[in-house]
Amino acid sequence: MGKRGTGAPRKRARRRNGRGRGRTRGPLGRVAPAVLALGILSLGGGAALAHWHADEEPVAAVAPAVPHEAREAQEPRAARPPAAPAPPAAPAPPGAGARRPAAPVAPSPSRSRGPAAPPPAVPQEGAGTFTTARATGDKVGTGTLRRYRVQVEDGTGVPAAEAAHEIERILAHPRGWAAHGRGAFQLVTEDADFVIRIATPATADRLCRAQGLDTRGEYNCETTEGVVVNLKRWLLGSPTFTGTPAEYRHLIVNHEVGHEIGLRAHMTCPGPGKPAPVMMQQIKGLRGCVSNAWPHDEDGRYITGPIVP
């Protein structure tokens with residue numbers, strides 16, 4: 001009893017120890033893991049080598065996905081060269097905080113105005129013959145009808161038809177004679193009651209002198225046949241008139257046609273700063289008045305003044 005009780009336990013212990021040593025420390029147990037690892041490595045290397053020769057370029061291994069935040073933490077950004085230090089700022093001048101006025105802008109050459117056009121040349125003498133405007137118009141105004149035709153001396157460069165239609169517009173102006181019951185007018189080519197002639201200074205002087213009038217190469221006149229307009233005044237206006245030559249033509253026509261409708265006397269200035277009457281010889285001086293080309297003001301009132309004795 002005593003030997004079996006003591007020997008049995010030792011025998012069972014050896015078997016248990018033997019099985020444990022065979023798994024961990026036996027010759028076969030030590031070799032098998034190494035062979036297995038070598039085989040796996042050889043298979044992986046062969047596969048990689050075969051892949052290299054087939055594609056002619058290595059293929060990077062796919063790394064497991066890493067969250068964006070973790071990737072930034074694991075892979076620091078490439079270092080950048082330090083930036084050059086900024087130069088020290090210059091001290092601000094006094095008053096730098098105040099807004100500076102904008103620099104003046106030079107005018108564009110394309111928009112700059114060139115020199116004023118020279119006045120048109122006025123021939124002093126023409127052919128002495130006239131071309132009648134082949135133009136007719138409608139009757140304008142009320143009262144006694146006066147038909148007129150327009151003639152322009154040959155060689156002046158002024159088209160007769162253009163001059164005729166301009167005179168027609170002057171007589172139909174809202175501040176003119178026809179608009180206020182002082183007569184009716186109509187542009188015609190023939191069978192006219194009076195004629196309006198535009199002539200060079202020499203020819204105008206000759207026509208006016210025949211009526212005993214001295215126009216001195218400068219003035220217009222009214223004759224028994226009608227009106228004589230000095231070409232110089234038609235093209236250049238008057239040095240005493242503040243408007244353009246086109247506006248001064250209103251004064252020429254209104255003054256001379258005023259004589260035609262019965263206003264034979266001349267007027268003078270009614271007072272300083274007031275508009276000069278069209279029946280005033282404004283080219284000879286304004287006497288304190290303001291130059292004016294129309295018989296009526298903007299309210300339709302007739303502009304008058306003292307009669308010249």
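This section describes the disulfides of a predicted model.

With a disulfide taken as a pair of cysteine sulfur atoms within 2.5 Å, the count comes to 2 disulfides. When the bonded cysteines of the protein chain are numbered in sequence order, they are paired 1-2, 3-4.

C208 belongs to helix α5 (residues 201-209) and C221 to strand β6 (residues 221-222), so the bond ties together parts that are 13 residues apart in sequence. The torsion about the S-S bond of C208 and C221 is about -90°, and the disulfide is therefore left-handed. C208 and C221 are both buried.

The other disulfide is formed by C269 and C289, whose sulfur atoms are 2.0 Å apart. C269 and C289 each lie in the segment after α7 (245-260), so this pair ties together parts that are 20 residues apart in sequence. The S-S bond of C269 and C289 has a torsion of 90°, and the link is right-handed. The relative accessibility of C269 is 12%, and this residue therefore counts as buried, the limit for that class being under 20% relative accessible area. C289 has a relative accessible area of 7% and is likewise buried.

In handedness, the link of C208 and C221 is thus left-handed, whereas that of C269 and C289 is right-handed.

Notes:
Residues are numbered from 1 along each chain as its sequence is written. This is a predicted model: local features need pLDDT of at least 70, side-chain atom pairs count only at pLDDT 80 or more; totals for chains, interfaces and linings use all residues. Side-chain values use heavy atoms; hydrogens and water are left out. Helices (H or I, at least four residues) and strands (E, at least two) are DSSP runs, numbered from the N terminus. Buried means under 20% relative accessible area, exposed over 50%, partly exposed in between (1.4 Å probe, protein chains only).
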